[in-house]
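Please read it alongside the sequence and the coordinates shown here.

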Amino acid sequence: MPWNVNFSPEWIEEQYLIWKEHPERIPADLQAFFRGFELGSGGEGKIDQRFALKQSAVQSLIYRYRDICHLLACTDPLSPCQIDHPLLSLEAFGLEPADLDTVFHTRRFMKESATLREILQVMRDTYCRSIGVEFMHIQEPAERQWLIDRMEPIGNRPSVPVEEKLAIAGQIYEASLFEAFLNRKFPGQTRFSLEGGESLIPLLKYLVAEAAQGGITDLIMGMPHRGRLNVLANVFGKPLENLFAEFGDNSLHGVIGEGDVKYHSGYSGRLETGGRSIHLTLAANPSHLEAIDPVVEGKCRARQDRYGDSRGSKVLPVLIHGDAAFSGQGVVAETFNLSQLEGYRTGGTVHIVVNNQIGFTTLATDARSSCYATDTAKMVQAPVFHVQGDDPEAVVFAGRLALAYRNTFSRDVVVEIICYRRYGHNEGDEPYFTQPLMYEKIANRPPLHELYGARLREEGIEPDRLEELSRMVSDHLQNAFGKEPVEHDEGFREGWQGIEREYAPDKIETGVGGREPLAVMESVAAFPQGFTPHPKLAALLKRRLDTVKEGKPIDWGTAETLAFGSLLQEGISLRLSGQDVRRGTFSQRHCAYFDYQTERVHVPLAALSKDQAQFNAYDSMLSEYAVLGFEYGYSVELPLGLTIWEAQYGDFANGAQVVIDQFIASGASKWDRGSGLVMLLPHGYEGQGAEHSSARIERFLQLCAMNNMQIVFPSTPAQYFHLLRRQAKQPFRRPLIVFTPKSLLRHPLCVSSPTDLESGWFREILPGEDNPDKVRRVLVCSGKIYFELLKAKQDAGRDDVALVRIEQLYPLRLDLLRDALSRYGQAEFRWVQEEPRNMGAWIFIRPYLEEIVGTAVAYVGREEEAAPAVGSHRQHVIEQEKVINDAFAQ
């Protein structure tokens, strides 16, 4: 129970008398308190009320030191250390200097009892020196006590052997001299120096070594640009000659596609340390500093799933942040929110915040409303270690403790290195414009390798040993400077071996015949013994089973189930994620059943057969940015499986535009990172307003080049079936963007014959089925509007009008489109869409159509609009009817 100085003497006396007669009747904490009282007061007798109050006050003092003493910690290398705080004064607890030598019971302190002077010394040594710790917000007592037991006995400062001090010194020299070397050899070039935060390097090197010794086989890291080159060279072991070649702008070396700047590039390799081997990956990252966070988590989860590592004991995520981005970018909070969710947890992440106390030119007072840059982490009760950046031994210890905590409790933890940035935002920036006082302090402060070297000399380490370290580092840099770069293929290694880089639109047979579709549906329609399904669900599954049994037309949901089930039976794993995906936004999927009486969950696609591949479906949190980033990362690590993210409505994907722009559309071109991620985006104009109509086809098409993505608008269940199976089976990997239906899910015309699934392939163009000699007008379209045009054509008996569907908008199969349109000779051609003129596919498709037909193609659709759709359903109906009428008008 928490101790409170407001307990009355009468209440304490009453509890004491009960304890004397029946100790088992009062809480264990009070029992310990009274045992300590008798120890301190010298034996039996009436309770000393004044002492009892002071004993209670001492417990409150210990609690408060643990709770807020981080406010007194000496963690800022640019500011003088605070020496007191009013809430931590003796007077704040009703204590006085005369009590300093009084013995008090200490309740699971270092020993059963101690003087107040000893207690204060331990508290200040532990929490008020180079490490300030926030951990009392953790609600689980066992976690708090675990930390206390590892901090207070050593005062958060373990004894460091001389050889380890020299190792840390060598790592500091590597970090500092690397930056100095680049500055000399490549003056004026942007490198986003680590100078001022060099203690990051020993922290990471010890983290890697400790992880390997603890049985971790894979460490995946994400970080921003500052210090990235230093980390690549000194932690990941990227050959220095390769880095120097990049500074020399040797663009022919190691670049596939368009490439990216050197401080965004990733790297991977295997490191031997202490007799153990560990695979290190640094994920490529854009300048959207925290965008990499969920990507790394997804990559880690994919490897953990592949290894069967449910606790994260083999794969460790490490995320490095800047202070301004950590507190300022919402995706950080989103990623923390993923950390304990079943479908997204990775066994805890080690977060390292390199707090250089400025964001470009913005100070903390303008950058955040919170006390610390790390306060976001407390939303998941993560402990936070604030560490003085110029005390590398403290930084290393905090990192070791953080890793041990993560491995023990499978929870996130934060180490904040409070340091500074020696230069401006980049090496050509002038920081004195905006922070002249701060940068005057920095200019007068010796670099860390000099400060730590001086400290070691004061401790008795011979100067010659330090000079030898410096000489070895300098020689290593100079020797590498004249070497030729080493070949190192980053993109298509390990799990990507055998997968082709180039897009090759070959026809892939994806039909599934025989008894397999029925076997899948029989398994899906069956319930475990004792399971009570919702009556409507039972009826739906019976209809679907009867459809397959009797060879009736198949709807969208049934086709998807058959595609999923057949792939799983062929050994292709499948992960489905997004908001409400297990049921489906439109109640069309039902890949998880919930017992109507107990809410027991049954996932039929995970129980098809004992030899099937893994199937997982997760309803995500209400986020697009972090969840889509996570699924992208997952897809990069498991190219042989099918990773699918579905938006609740297609336009909600714009909440993840950074992931779409920086990773999905351009990751292969910039970083040689392929992905087969599938995005399912419900799209269609049905009178639901501006936010539930358009998946923004135009935005995706604007991002298309170099065969980087597949943009598809399938119009039939069979097409969707073959498309999903093609995505899993084609020899290359490209992201697949699918505009999926809403009203068509139950449209009587939007069905497919079972024979359409038994054989065939996905058809990028669906030509008209009319007599070309009769056709005078060709309406070219894509998606849902086809069925409205088809009904109008049939109702009006217009045999002179042909309908051609473009099912794959990109890469556009010009050969197939030319074949489909050339049949109609001198017919008039019109493009029809339900989106406004400045949206949809019109702007993209127009030049291709006009090139093929050799004349102008008329536009039929809504006029230009600022919003995708109107809010009035009545107005929607008027507009939609006009589009259809205009398509057939003379």
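## The largest cavity

By class, the residues that line the largest cavity comprise seven nonpolar, four polar and three charged residues. The model in which this cavity is found is a predicted one, and the structure holds 12 cavities of 30 Å³ or more. The largest cavity has a volume of about 90 Å³, and among the 14 residues that line it, Gln588, Arg589, Glu646, Thr740 and Leu745 are the closest to its centre.

## Helices H10 and H21

Two packed helices are described by the angle between their axes and the distance between the axes. Helix H10 (residues 292-307) packs with helix H21 (residues 625-637) at an angle of about 45°, and their axes are 6 Å apart. Since angles under 35 degrees count as roughly parallel and those from 65 to 115 as roughly perpendicular, H10 and H21 are therefore oblique to each other. In passing H21, helix H10 makes a right-handed crossing.

On the H10 side, the contact is made by Pro294, Val295, Glu297, Gly298, Lys299, Arg301, Ala302, Arg303, Asp305 and Arg306, which meet Tyr625, Ala626, Gly629, Phe630, Tyr632, Gly633, Tyr634, Val636 and Glu637 in H21. Sorted by class, this contact of H10 with H21 has nine nonpolar, three polar and seven charged residues.

## Helices H18 and H19

Helix H18 (residues 516-524) and helix H19 (residues 535-550) have their axes 9 Å apart and pack at an angle of about 165°. Angles over 145 degrees count as roughly antiparallel, and H18 and H19 are therefore roughly antiparallel to each other. The crossing in which H18 passes H19 is left-handed.

From H18, the residues Pro517, Leu518, Met521, Glu522 and Val524 meet Leu541, Arg544, Leu545, Val548 and Lys549 in H19. By class, the contact of H18 with H19 has seven nonpolar and three charged residues, with no polar residues.

## Helices H9 and H17

For helix H9 (residues 240-247) and helix H17 (residues 463-481), the packing angle is about 60° and the axes lie 8 Å apart. H9 and H17 are therefore oblique to each other, and the crossing of these two helices is right-handed.

Leu240, Glu241 and Phe244 of H9 make the contact with His476, Leu477, Ala480 and Phe481 of H17. By class, the contact of H9 with H17 has five nonpolar residues, together with one polar and one charged residue.

## Backbone geometry in two loops

Two loop positions complete the description. The peptide bond that runs from Tyr810 to Pro811 is cis, with omega near -15°, and Pro811 has its place in the loop between strand S22 (808-810) and helix H28 (814-822).

At Gln381, phi is near 60°, which is a positive value in a residue other than glycine. Gln381 is placed in the loop between helix H13 (364-367) and strand S9 (384-388).

Methods:
Residues are numbered from 1 along each chain as its sequence is written. This is a predicted model: local features need pLDDT of at least 70, side-chain atom pairs count only at pLDDT 80 or more; totals for chains, interfaces and linings use all residues. Side-chain values use heavy atoms; hydrogens and water are left out. On a 1 Å grid over the protein atoms alone, a cavity is a set of points where a 1.4 Å probe fits but cannot get out, and a pocket is an open set with protein on both sides within 12 Å along at least five of seven lines; lining residues have an atom within 4 Å of a point. Grid points are joined across faces, edges and corners, and a volume is the space filled by probe spheres set on the points. Ala, Val, Leu, Ile, Met, Phe, Trp, Tyr, Cys and Pro count as nonpolar, Asp, Glu, Lys and Arg as charged, and the others, Gly among them, as polar. Axes are lines fitted to C-alpha atoms, for helices over the stretch in contact, and angles run from 0 to 180 degrees between N-to-C directions. Helices (H or I, at least four residues) and strands (E, at least two) are DSSP runs, numbered from the N terminus. A crossing is left-handed if the near helix is turned anticlockwise from the far one by less than a right angle, and right-handed if clockwise. Contact means heavy atoms within 4.5 Å.
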